[in-house]
Amino acid sequence: SDRFDDSKMPFSALNAVPNALGRLLKPLLPDSGRTTDFLFDIRTGRIFTILFSLITALYVFRWSRELYGPAGGVFSLFLYTFSPNIIAHSRLITTDIYAAGMILIAGYYFWRFLKPGGWRRGLQSAVALGLSQLAKYTCVFLYPIYLLIVIIKYTPRLLKLKAKGNYREIKKHLLAFSRYTLLFAFVSLIIINTGFLFNKTFTPLKSYQFKSKLFTQLQSSPLLANLPVPLPYPYLEGLDLVKYNEASGATFGKIYLLGKLQEKGKGFPGYYFYAVLYKAPIAVQIFFALAVIIYLKQRTKHDFYQDELFLLIPFLFFTIYFNFFFQAQLGIRFFLVVFPLIHVFCGSLWPVRGKDSIWKKNALASLGIYLVISVLPYFPHYISYFNELVPDRKMAYKILANSDLDWGQNDWYLEKYLEKNSRTLIWTWPSFPVNGKVIVNVNDLLGISTLENRYKWLRDNFEPVDTIGYSYLVYDIPPELFWEKITKKTIKKQ
């Protein structure tokens, strides 16, 4: 459970299970070389991410069905299933899908708990919240989100009781809130400590080696310095590393959006509005817009404080946070946490009843077909998916890059391309201007992962003629064009 970077969490250990099993079985089996080889394959480790995404799909269906009926549940499940960004990250060894799934699952159990209340449902919700803390640090925001939901949900009721002078009932509510708060805190501490194997629990705050400004300031407080922290050392250490790396950009390159680069540790305000606009299927964007419009028109048929509040608050919270406060804007994968919530809410479009139900069903079905047609042609390159607002897929790099296009996932395709064209002179990552066939990956071309001006000659003067998996750009530069664009200009400058 010792921490070696800020991205690994106890859920990450699930992906290591096949490898650990292989090491356990190897000395026990006579012909273990061939028998256990598949257990050491990284693709086998991905099975657990896939399985967890299937569990998340189940909860998308379950929550939507309980809110909007069986048709709504199936529709929400359909949207989740054909979400290219969900598909892309459901087959990788990362914590992004774990976070998206646990935020949805924890929210579902919190919704079920606050409807009728009760200790059994309270315990279920507390366990789900505790488990979410083992998935990804994004889930730590569930604590203020839950508090915000409780305040919004119960403040009108408490104000009415105050107006009536019913202080006994107010006291009863506050006592219940206090008891459940203690339950959630206790369960969270037990689960977090168990997940990190109680590694150095109760280490005094002054004994930590913090890097971030926030935690070093807390550590310098005389009141807190000697406080034994009831959390595992690597849990708090990881939170500190997340804050430090985000502020400094120590673990990632520059942020890119619409042809502009930001320095490390700085993001673009509204970055994820653009990411969703171009990387979420247009059909889903229309579904969501329709769901909001129809919900507002038919709001008297719904109980917002009882139901949709639990979807809206986390959606708004993460939308504001990631767009305006989060600095490591490396791709839409961080924003996946809102997608299952959107899919559940879109279930409110069904069932369609009344005289106009036929055309509504036909319109929704047509959009559904459009969604499938938009997504499936990208197989298997779903990380690089862009919707039809980018008609030329070769030009997607002019909108977004980073892990939205290249995350090292297409190296195998590059190797195959080079093998197939082995008789052709191909310049890969040339260190100086050249003519002929040139291949560069998008993040290098844009100066994200290398010097900004290294490929300025290429991106400013030529357009790619092909892509390899959408993350490697292929240029074919004729000698005469090279003379006109590069050599001639160079001579003039000299």
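**Close-up 1. An open sheet built from four strands, in the order E3-E4-E6-E5.** This is a predicted model, and in it the pairing of the strands is mixed. At the edges sit E3 (426-428) and E5 (466-468); each has a single partner strand, so one side of each goes without a neighbour in the sheet. Going from one strand to the next, the twist averages 25°.

**Close-up 2. The E5 and E6 pairing.** Here E5 runs antiparallel to E6 (residues 472-477), and three bridges join the two strands.

**Close-up 3. Helices H9 and H10, with axes that come within 10 Å.** H9 takes in residues 142-163 and H10 residues 167-195, and their axes cross at roughly 170°. Anything over 145 degrees counts as roughly antiparallel, so that is the label for H9 and H10.

**Close-up 4. Who touches whom between H9 and H10.** From H9, the contact uses Tyr143, Tyr146, Leu147, Val150, Arg157, Leu158, Leu161 and Lys162. H10 answers with Tyr167, Glu169, Ile170, His173, Phe177, Phe184, Ser188 and Ile192. Sorted by class, the contact of H9 with H10 has 11 nonpolar residues, along with two polar and three charged ones.

Conventions. Residues are numbered from 1 along each chain as its sequence is written. This is a predicted model: local features need pLDDT of at least 70, side-chain atom pairs count only at pLDDT 80 or more; totals for chains, interfaces and linings use all residues. Side-chain values use heavy atoms; hydrogens and water are left out. Two strands pair if DSSP finds at least two bridges between them. Axes are lines fitted to C-alpha atoms, for helices over the stretch in contact, and angles run from 0 to 180 degrees between N-to-C directions. Angles under 35 degrees count as roughly parallel, over 145 as roughly antiparallel, 65 to 115 as roughly perpendicular and the rest as oblique. Contact means heavy atoms within 4.5 Å. Ala, Val, Leu, Ile, Met, Phe, Trp, Tyr, Cys and Pro count as nonpolar, Asp, Glu, Lys and Arg as charged, and the others, Gly among them, as polar.
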